[in-house]
Amino acid sequence: MGVVQPIRAKRSASANAAPQLSLLELDKIIEQDCVAAMASLPDKCVDMIFADPPYNLQLGGELFRPDGSHVDAVTDDWDKFDTFEAYDRFTRAWLREARRILKDDGTLWVIGSYHNIFRVGAALQDEGYWILNDIVWRKANPMPNFKGTRFTNAHETMIWCAKSEKARYTFNYRAMKALNDDVQMRSDWTLPICAGGERLKDDAGHKTHPTQKPEALLYRVLLACTEPGDIVLDPFFGTGTTGAVARRLRRRWIGIEREPVYVKAARARIDSTLPLDESAMTVMPEKKGAPRVAFGALVEAGLIAPGTLLTDAKRRWRAEVRADGSLAAGQHNGSIHKLGAQLQGAPSCNGWSFWHIEEADALSAIDVLRQRYLLEFGSAA
């Protein structure tokens with residue numbers, strides 16, 4: 001089985017040929033029940049959906065800290081369902097509408113706790129979604145377990161899915177790697193819960209919303225699988241974290257929220273959010289979208305001379321650059337990619353990162369030379 005290279009899948013134009021939302025409908029909060037509100041939107045009109053549905057926590061009684069103070073937990077009516085069956089019916093109803101309005105190459109994110117995420121996950125698959133990842137959000141500063149009767153609940157789970165197995169969804173792999181100090185972004189994210197000045201509170205000092213998500217979480221989600229100008233919908237908008245981050249990252253957004261107190265807080269919050277400058281919006285381009293450069297073009301341009309010796313990072317193999325841009329290593333020869341794979345006995349090889357050149361008494365990947373070529377001759381590449 002060959003190695004699957006993680007790349008960003010480009011959305012096709014035909015998949016996004018869908019009814020357009022009016023500009024009057026964007027960057028707005030629809031103050032309505034989520035199922036009814038989504039039913040009013042056209043088919044295949046949004047690029048991404050982030051959903052933070054009721055958790056159906058099934059809390060029993062009040063919760064107090066050891067010092068006697070009351071824990072401000074989720075006790076609102078919107079989180080209460082009479083039975084699991086009632087919750088399942090609600091879940092399938094909003095997932096069905098979400099699937100209808102999501103573009104064929106769009107993605108859906110759902111976040112939940114152990115109370116609901118497994119029921120939601122089963123419903124997602126029953127409704128035809130294709131699960132791409134489950135992301136564990138590990139809370140750096142979780143609320144302690146005050147009763148000492150269970151493990152401290154220190155994480156929530158996000159399910160990321162496409163509409164089908166063949167969907168050409170957006171995944172900004174290189175941007176995620178850059179965000180993680182040039183290491184592949186994993187599926188366990190350690191981020192603090194919403195606190196401090198970011199946590200919205202009422203005049204009495206109480207949390208405006210009991211499950212307000214941190215902006216850092218939405219920043220990573222939106223940066224991972226949307227682009228500037230994409231339309232993001234949040235059917236459980238709450239106090240508007242999705243809208244605030246979408247505005248900051250220059251995405252368009254639609255929020256759906258039925259609770260007036262949350263709508264008021266969300267509008268004030270988003271109005272005070274400043275978008276990033278256009279220049280700051282540039283992220284690491286995906287290799288698939290970058291201009292293709294043949295290694296021979298570097299030889300032609302004089303950036304690397306025929307006869308130059310290349311080596312791998314551990315100096316196990318050496319190869320000589322030939323005039324036509326091919327490499328020779330003993331009895332073996334071929335392109336930078338083919339020869340690298342052949343020497344390693346591997347099915348494939350990225351020659352740009354495998355082969356290195358000695359520069360200033362240090363080894364540098366020949367990809368450095370490709371970047372120089374693009375800077376100097378990029379417009380002609």
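**Entry 1: the largest nonpolar core.** I started with the largest nonpolar core, which has 32 residues. This is a predicted model, so I read everything below as computed from it. I listed the residues with the most contacts inside this core: Met48, Phe50, Trp109, Met158, Leu217, Val221 and Leu222. Helix H5 gives the most, with five residues.

**Entry 2: around Phe50.** What is Phe50 in contact with, once I leave aside its neighbours within four places in sequence? I found Trp109, Ile111, Met158, Leu218, Val221, Leu233, Asp234, Pro235 and Thr242. Another core, of 31 residues, lies apart from the largest one. Among its members I wrote down Met38, Trp94, Leu95 and Phe236.

**Entry 3: helix H11.** I then turned to helix H11, residues 367–377, where Leu369, Arg370 and Tyr373 are buried. These three cover an arc of only 100° around the axis, so they sit on the same side of H11.

**Entry 4: cysteines.** How many disulfides does a search of the whole structure find? My search came back with zero. Cys45 is buried, with a relative accessible area of 2%. Cys225 counts as buried too, at 2% relative accessibility.

**Entry 5: positive phi.** Asp27 is not a glycine, yet its phi is positive, at about 55°. I placed Asp27 in the segment before strand E1 (28–30). Is Asp27 buried or partly exposed? With a relative accessible area of 27%, Asp27 is partly exposed.

Arg315, also a residue other than glycine, has a positive phi near 60°. I found Arg315 in the loop between strand E9 (309–312) and strand E10 (318–321). At 48% relative accessibility, Arg315 counts as partly exposed, because the exposed class starts over 50%.

Note on methods:
Residues are numbered from 1 along each chain as its sequence is written. This is a predicted model: local features need pLDDT of at least 70, side-chain atom pairs count only at pLDDT 80 or more; totals for chains, interfaces and linings use all residues. Side-chain values use heavy atoms; hydrogens and water are left out. Buried means under 20% relative accessible area, exposed over 50%, partly exposed in between (1.4 Å probe, protein chains only). Helices (H or I, at least four residues) and strands (E, at least two) are DSSP runs, numbered from the N terminus. The arc is that of the directions from the helix axis to the C-beta atoms. A nonpolar core is a set of buried Ala, Val, Leu, Ile, Met, Phe, Trp, Tyr and Cys residues joined through side-chain atoms within 4.5 Å. Contact means heavy atoms within 4.5 Å. A disulfide is a pair of cysteine sulfur atoms within 2.5 Å.
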